[in-house]
Amino acid sequence: MKIKILLVDDHQIVLKGISFFLSMQPDFELVGEAQNGKEAVEKAGELQPDIVLMDLNMPVMDGIEASAQIAEQHPHIKVLVLTSFSDRGHILPALQTGAVGYMLKDVEPEQLAEAIRSAYMGNIQLHPDISAALLHQLQPQSTQALNSGAAVIPAQTGAEAIESLTPREQEVLQLLTKGLSNKEIAQTLVVAEKTVKTHVSNILGKLRLSDRTQAALYAVHALHPQE
């Protein structure tokens with residue numbers, strides 16, 4: 001079965017170049033193209049792709065809002081961001097919509113193909129520069145930042161911090177990296193959703209992070225530092 005892809009970008013040259021590359025992959029099927037966020041939401045509903053390859057800065061509706069609407073209306077469709085923006089102001093809002101990854105347009109074509117395949121499997125995909133930037137942003141800044149309640153990483157290395165979690169909390173964290181909701185995690189582990197909420201709260205407390213998106217990103221970098 002081929003991976004069905006909807007490509008979204010408002011630059012014709014970029015759109016056609018990526019379209020050509022995707023069409024050359026034997027396991028990909030490019031089912032449609034869109035040039036703005038509004039069109040992306042409409043075509044996602046019409047075409048039901050597996051992956052939406054989403055640009056961010058577009059007319060009519062930007063990629064962040066489009067990603068949020070797709071996630072709300074079609075939670076089974078995975079959005080993989082492909083953009084030129086590498087700043088926190090774009091990265092975190094995009095990932096918090098439920099996007100399964102964030103890639104930059106300078107990525108090598110074969111890396112993009114592998115990111116699409118891995119995202120299709122439910123794994124979070126980050127461009128190496130994005131992963132490094134996010135880790136830097138999540139590291140402790142100062143005692144003042146800690147006292148203010150800002151999200152910080154413990155003094156241990158990522159792997160050590162994760163080892164401080166209970167085996168069940170580690171299981172929940174692994175499932176968070178796959179983008180699963182509390183309800184889906186509860187079904188996977190055959191436990192109550194309330195129990196999952198407690199585990200997530202404990203994880204955030206122990207890792208000293210503020211939300212599940214940061215926890216997932218932290219785990220991806222700590223457990224797979226070369227990805």
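Is G37 buried or exposed in this structure? G37 is buried, with a relative accessible area of 0%. Here buried means under 20% relative accessible area, exposed means over 50%, and partly exposed lies in between (1.4 Å probe, protein chains only).

The structure is a predicted model, in which local features need pLDDT of at least 70, side-chain atom pairs count only at pLDDT 80 or more, and totals for chains, interfaces and linings use all residues. Residues are numbered from 1 along each chain as its sequence is written, and side-chain values use heavy atoms, with hydrogens and water left out.

The protein chain has 227 residues, and buried residues make up 46% of them. Its secondary structure comprises 12 helices and six strands. These are DSSP runs numbered from the N terminus: helices are H or I with at least four residues, strands are E with at least two. Among contacts with a separation of 6 or more, 64% join residues 24 or more positions apart. A contact means heavy atoms within 4.5 Å. The accessible surface of the chain comes to about 11100 Å², and carbon and sulfur atoms account for 53% of that surface. Accessible areas come from the Shrake-Rupley method with a 1.4 Å probe; for residues, only the protein chains shown count as cover.

D55 carries an annotation. An unreviewed UniProt entry lists D55 for "modified residue: 4-aspartylphosphate". UniProt positions follow the numbering used here, feature names are shortened, and annotations may be inferred rather than shown by experiment. D55 sits in the loop between β3 (51-54) and α3 (63-73). D55 is buried, at a relative accessible area of 4%. Beyond its neighbours within four places in sequence, D55 contacts V8, D9, D10, G63, L82, T83 and K105.

G37 belongs to helix α2 (residues 37-47). Leaving aside neighbours within four places in sequence, G37 contacts M58, P59, M61, D62 and A66.

G101 lies in strand β5 (residues 101-104). G101 is buried, with a relative accessible area of 0%. Not counting residues up to four places away in sequence, G101 touches V79, L80, V81, L95 and Q125. G101 and L217 are 116 residues apart in sequence, yet their C-alpha atoms are 9.8 Å apart in space.

Q125 is also touched by S118, as is N123, again not counting residues up to four places away in sequence. S118 is part of helix α5 (residues 109-120). At 18% relative accessibility, S118 counts as buried.

The largest pocket holds about 720 Å³ of space. Of its 25 lining residues, G98, K178, G179, L180 and S181 are the closest to its centre. On a 1 Å grid over the protein atoms alone, a pocket is an open set of points where a 1.4 Å probe fits, with protein on both sides within 12 Å along at least five of seven lines; lining residues have an atom within 4 Å of a point. Grid points are joined across faces, edges and corners, and the volume is the space filled by probe spheres set on the points. At least two lining residues come from each of α3, β4 (78-83), α4 (88-96) and α12 (212-223). The most come from α12, with four residues. By class, the lining has 12 nonpolar, nine polar and four charged residues. Ala, Val, Leu, Ile, Met, Phe, Trp, Tyr, Cys and Pro count as nonpolar, Asp, Glu, Lys and Arg as charged, and the others, Gly among them, as polar.
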